[in-house]
Amino acid sequence: MSSGVTNTTAHTALTARGLPAKRLRLATEEPDWVRWSLIAISIGFLTLFLLVPLLAVFAEALRKGLGPYFASFADPTALSAIRLTLLTAGIAVPANLVFGLAAAWAIAKFEFFGKSILITLIDLPFAISPVISGLIYVLLFGMRGWLGPWLSGHNVQIIFAVPGLVLATVFVTFPFVARELIPLMQEQGTEEEQAAAVLGASGWQILWRVTLPNVKWALLYGVILCNARAMGEFGAVSVVSGHIRGKTNTIPLHVEILYNEYNFVAAFAVASLLALLAIVTLAAKNVVESRIRRELQQTLEPSTAEA
Amino acid sequence: MQNSRQEKSGPAPRRYSERFLEIPHIFAEPIPFMCRLVVWRSALGVGLLAALSVLVGCNGAPAKTAGTGSASAVTLLNVSYDPTRELYAEFNEGFTKQWREQSGQVVTIEQSHGGAGKQARAVIDGLKADVLTLALSYDIDMIAEQSDLLPKDWQSRLPNNSSPYTTTIVFLVRRGNPKGIRDWGDLAKPGVQVITPNPKTSGGARLNYLAAWGWAERQPNGGQATARKLVTAIYKNVPVLDSGARGSTTTFVQRGIGDVLLTWENEAFLAVNELGRDKLEIIVPSSSILAEPPVTVVDKNAKAHGTREIAQAYLEYLYSPFGQRLAAKHYYRPTSPEHADPDDLKRFSKIEFFTVDEVFGGWRQAQKTHFDDGAIFDSIYTPGG
């Protein structure tokens, strides 16, 4: 709206000075052909690299019709892969939710020694390759690792079994919730918590009634991203899985196996499940994002009004 | 600052709000002391909860994997390499049925497939295999050497060096063989893209390498120097090293990369069958290496799971007429061809074999000279080179 207004004013001002209006444009505005070609390039790029592969997954999955498509999910090993994925995400996401909240709270609301180290540590899983994330657990819990022989003596199996998958998933999804919460919590400051404390609220009351409601959308956003990664993780999980069919294969690993067995319809059918998850994640992310923006605006409005 | 420190060591524990009201100047601090305490305590609690829930998650799960050795139903884990998927999918069904008839016991056979080197590594690291059906005796030697899972003389426990079937290395090319590849020497020609997996992780890849080397060494006027020259030239033509045989097949067939795929004979047949005779063609070189994929029981794991007897029966069944017929059906050369379907046998071309023992003095020696860190392969292959 406002730019349109300045535009016309500028035009009238310039035409008044006797300059031809046609060839005029503002210095901040690109010529039409630049704008359109930029738009075309980005749309073309998105279509080529995102939309077409996504459609290809569904096209390949449905190539032999709906029957074989759904039959791929009825296979016991596929069902077990789906169950295992839900289980690992079901453990990893709540664990990281609690951890992320605690870490974000500590980082955003307090000054303490080693804070920057903690922030760096939280980012660690983003920085290192998933293969390494898996290998550290092999080194730790493997038969030739530090704890492996002792665990084996007590008949506890960590890697090449479900606990290893859960640990690897927790590790790679570690930063998502905390990373979402820290900037928001820092922005919000500690005033409301202080007020609640002054009014006699206990620690838990402050958490449940002040802090959590303030960050709930950002928390949800972090959880959605965390969940998407937990279900989709391939590298770290592949290292610790052992690839036992029907037992330690998550959905992404199952897709790889099916593909390697020339079972393309089933591979893409199961892959389409992950693609669907991605689409749902994106939709949910958009909704939550707009809620966060609105909320942030509400918290910021009083201060901007003062300024 | 001074004040808050005094407060901290103050003797009488009071409600935080009380304390807060008494010392209003605490506001001077950027973060009020009281709030810091409250939140820290909660953060600690929440952190503990998180740790607990992770632990519960870990402790809850192994119950599922343990306790498989009961008398009525039993689980057997067969850790195998890439190209045996189809063979064992069918063999396991047959064995399950036979075992139920024979002993009344219901057996579930779990399969794990991957590059043979990688699989051996996983077993050493603690993958609880009851039986191994890997690509090379060397892989199992490694397990025997690096762990106490099975005795070092494992290979003498079953007939034919513990190999119920054999196979070899052949070439898979695009239909019509546009680059005119006929023998090992053609792979070194400039402009020929060769697809083979990484010898560090894949048993088949090591055989590919040794087959090329052995062929060159056995040529008239051949020797170590000519072999090295040929193998160096071949690996210059390799655009990508996958970690396993199946990965290389998909690279060649699905992604359409390369002019020739060096692969197991059975893998080549399978690829042609699954993906079309109109696209691919098998080329059999003048001579190639004899591969003897070995099988064995992992004594320690089988004992712990109570599966020793059934594991032994499982492997012996591979040598039975049923197992031999199935091996031939899935393009392995059976060690007792009389049990196989003659039509299946007709598919195998006559080929001159040489063995690892003949040319390289055994797997250990071959591994040491060619594939160990700093050995010949490392000096001739530079990624992307």
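User: Is B:Y331 buried or exposed?

Analyst: The idea is to compare relative accessibility with a cut-off: under 20% is buried. B:Y331 has 6%, so it counts as buried.

User: Where in chain A is A:H243, and what is its phi?

Analyst: A:H243 sits in the loop between α12 (235–241) and α13 (251–260) of chain A. Its phi is near 55°, a positive value in a residue other than glycine. With a relative accessible area of 5%, A:H243 is buried.

User: Back to α15 of chain B: which of its residues are buried, and what do they pack against?

Analyst: Helix α15 covers residues 321–329, and its buried residues are B:G323, B:Q324, B:L326, B:A327 and B:A328. They pack against α5 (85–103), β4 (165–174), α14 (308–319), β10 (333–334) and α16 (342–346) of chain B.

User: Why can helix α11 of chain B be called largely enclosed?

Analyst: Count the buried residues along the helix. In α11 (residues 245–253) of chain B, 8 of the 9 residues are buried, so the rest of the structure largely encloses it. B:R246, B:T250 and B:F252 are among them.

User: Why are A:F45 and A:F49 about one helical turn apart?

Analyst: An α-helix has 3.6 residues a turn, so residues three or four places apart point the same way. A:F45 and A:F49 are 4 residues apart in helix α2 (residues 32–61) of chain A, which is why about one turn separates them. A:F45 is exposed, at 51% relative accessibility. For a stacked pair, turn to B:Y317 and B:F322, whose ring centres are 5.2 Å apart with planes at 20°. B:Y317 is buried at 15%, whereas B:F322 is partly exposed at 22%. Ring pairs join both into a cluster with B:Y88, B:F91, B:F95, B:W99 and B:Y314.

User: How many residues has the largest nonpolar core, and which have the most contacts inside it?

Analyst: The largest core has 71 residues, and B:F95 and B:Y209 have the most contacts inside it. Beyond neighbours within four places in sequence, B:F95 touches B:V107, B:I109, B:I310, B:A313, B:Y314 and B:Y317. A second, separate core holds 46 residues, including A:Y69 and A:I224.

User: What is the average pLDDT of chain A, and where does it fall below 50?

Analyst: Chain A averages 85, and 89% of its residues score at least 70. Residues 1–8 of chain A fall below 50, and this stretch has 2 contacts beyond near neighbours in sequence. Where pLDDT is low, the predicted coordinates should not be read in detail.

Definitions and conventions: Residues numbered from 1 in each chain as written. Chains lettered and ligands numbered in written order. Predicted model: local features only at pLDDT ≥ 70, side-chain atom pairs only at ≥ 80, totals over all residues. Heavy atoms only, no water. Helix = DSSP H or I, 4+ residues; strand = E, 2+ residues; numbered from the N terminus. Buried < 20%, exposed > 50% of the residue type's maximum accessible area, 1.4 Å probe, protein only. Phe/Tyr/Trp six-rings, centres within 6.5 Å; stacked < 30°, edge-to-face > 60°. Core = buried A, V, L, I, M, F, W, Y, C linked by side-chain atoms within 4.5 Å. Contact = heavy atoms within 4.5 Å. pLDDT = per-residue confidence, 0-100.
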